[in-house]
Amino acid sequence: MRIAVGGIEHETCGFAAPSPTAEVTTLMSVARTLKYGEELRSLGDANTIVDGLVRGVRESGHELVPLLWIDANTSPPVSRESLESAIEDLLDRLRQSLPVDGVLLSLHGAFAAEGVDDADGEVLSRVRELVGPQVPVMAVHDLHCNISPVMEQAATVMVVERTYPHIDMAERARHAAQIMARTVTGQIRPTMAVRYLPLLWSAARMIDAEPPMSDAVRKLRELDQRPGVLSASIGVGYQWIDNPTVGTSVIVVTDNDDALARSYADELAEWVWERRSQWQRDPLTPESALAQGEQLGRFPIILAEQGDNTGGGAAGDATELLRLLIEQKLVPSAVLYMVDPDVAAQAISAGVGAEIDILIGGKSQPLVGPPVPMRVRVRGISDGRFIYDGPMWAGVVGEMGPSAWLEQDGVHVVVISDRHQPIDLAFCRSLGLDCRQMRYLAIKSTGHFRSGFAPIAGSIFNVDTASTLSHDFRRLPYTRLGRKMYPIDPNVEWNP
Ligand SMILES: [Zn+2]
């Protein structure tokens with residue numbers, strides 16, 4: 001059987017400032033991986049969804065029909081034209097490959113373009129239209145997906161990641177590929193039920209290594225074991241965009257038993273809804289996190305600056321934590337990573353060992369500033385290329401752009417040019433900075449940094465600072481959600 005594999009992956013942030021280098025954001029201007037046709041055949045080993053799909057099809061013994069893979073960094077909505085050209089490219093390749101027996105797609109699930117709230121739904125509908133109603137079309141989504149009825153209508157099966165950091169990307173993709181393999185050979189007939197909850201889920205409560213998220217993963221595993229169940233998922237949503245797709249969803253897929261799928265989806269949705277207060281966390285200031293950390297006495301204390309998470313679309317140049325480290329002489333400490341191309345260029349031109357005066361960060365918008373004057377020694381420089389080695393992205397090539405390791409009296413800053421979050425220790429190590437020697441680490445990430453940093457952490461606190469991606473949902477400028485949402489409206493009701 002011939003199984004087509006492709007992916008268009010983009011998480012779209014509606015509340016972040018656009019990159020200063022791009023006036024119009026296009027999918028290509030923010031793409032980090034582009035692979036076309038036969039190039040996909042070399043995949044299979046890295047921990048990405050598309051690698052997992054390729055490997056899963058290969059393991060099933062079916063014929064791989066490679067389409068394309070566009071993986072983009074989180075950014076503001078991309079232009080309508082760039083969405084259209086990506087979809088047309090995907091459809092052209094699929095059209096030329098027909099007939100196929102199944103289509104497997106990696107779609108983030110929180111993709112929007114200018115004037116298109118539900119770009120993933122658009123991709124799925126157009127693929128469905130091309131292959132017709134009989135060919136199974138299955139999609140694998142990021143944990144931070146906003147599932148829509150349009151996606152539900154077009155897809156035969158949707159599978160969502162369960163872990164944060166997303167270390168199960170390839171595993172969940174192989175799971176979808178296995179469902180596809182059994183479907184195309186007629187061994188099973190998937191039926192899917194989706195429930196949509198008016199619930200905004202705090203990122204600090206999505207970390208699967210600890211309760212309550214570990215309970216949710218356990219609940220999903222328990223559902224996996226029930227007779228007739230093929231797949232069970234929770235999409236915790238992506239909240240930094242203002243459109244009607246935003247929210248939590250649950251998905252249950254059974255073998256040819258619609259009533260069972262609906263009843264288990266109701267059960268899972270109710271299970272999540274009953275615990276809605278558990279998925280929330282009040283804001284935590286860096287000062288109170290530090291006080292708690294000092295009391296615990298386990299170092300390094302990691303302050304995860306979730307509101308300036310470049311992985312979520314922030315500019316990565318908020319300065320509150322850097323100022324705190326300097327003012328309170330919290331050393332040795334490091335800020336990872338400050339996105340400031342001007343300072344990176346200045347450091348590179350001065351060279352390793354030079355002492356320079358800089359004005360760093362706080363430049364993307366007034367809220368995240370002010371910029372911080374420092375006299376730093378340049379300890380290391382890099383073109384920004386390295387290979388990740390932590391469990392989430394081992395083997396994936398990183399491109400931070402021109403970068404430098406700077407130090408002022410025990411306060412270290414790794415400055416980079418492109419917007420990326422710390423995932424593991426590999427990049428700092430490539431510059432010469434050993435994060436394990438630090439007593440305090442200020443990391444611009446919400447959850448993925450745990451992939452590499454949890455093993456060296458003494459204690460970890462997700463903190464709230466003056467930054468773009470507020471985790472206090474009441475402060476986000478929503479006007480288009482189209483329904484009341486918990487916890488903004490604490491009395492909102494939901495019934496299956
Ligand atoms: Zn995610």
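Let me begin with a pair of strands, β12 at residues 355-360 and β13 at residues 372-382, which run antiparallel to one another and are joined over 6 bridges. If you want a place to look in this pairing, find I358, whose bridge partner in β13 is M374. Strand β13 also pairs with strand β16, residues 403-408, again in the antiparallel sense and over 5 bridges, and there you will see V378 standing opposite L406 of β16. Please keep in mind throughout that what we are looking at is a predicted model.

Let me step back to the whole chain for a moment. Its secondary structure comes to 12 helices and 19 strands. The radius of gyration is 22 Å, close to the 23 Å that the globule rule gives for 496 residues, and the chain is therefore as compact as a globular protein of that length. Taken along the principal axes, the C-alpha atoms fill a box of roughly 65 × 50 × 40 Å, and buried residues make up 55% of the 496 residues. Of the contacts with a separation of 6 or more, 76% are between residues 24 or more positions apart.

Now to another part of the model, an open sheet of 3 strands in the order β7-β9-β8, with antiparallel pairing. Because β7 and β8 stand at the edges and each has a single partner strand, one side of each is left without a neighbour in the sheet. Ignoring direction, neighbouring strands here are turned by 10° against each other on average.

Which residues of α7 are buried? They are A261, Y264, A265, L268, A269, V272 and W273. These buried residues pack against β7 at 190-197, β8 at 229-235 and β9 at 248-255, and also against another helix, α6, at 213-224.

Key: Residues are numbered from 1 along each chain as its sequence is written. This is a predicted model: local features need pLDDT of at least 70, side-chain atom pairs count only at pLDDT 80 or more; totals for chains, interfaces and linings use all residues. A residue is buried if 20 or more other C-beta atoms lie within 10 Å of its own, exposed if 12 or fewer, and partly exposed in between; C-beta atoms are placed from the backbone. Helices (H or I, at least four residues) and strands (E, at least two) are DSSP runs, numbered from the N terminus. Two residues are in contact if their C-beta atoms, placed from the backbone, lie within 7 Å. Two strands pair if DSSP finds at least two bridges between them. Axes are lines fitted to C-alpha atoms, for helices over the stretch in contact, and angles run from 0 to 180 degrees between N-to-C directions. The radius of gyration is taken over C-alpha atoms; the globule rule is 2.2 Å times the number of residues to the power 0.38.
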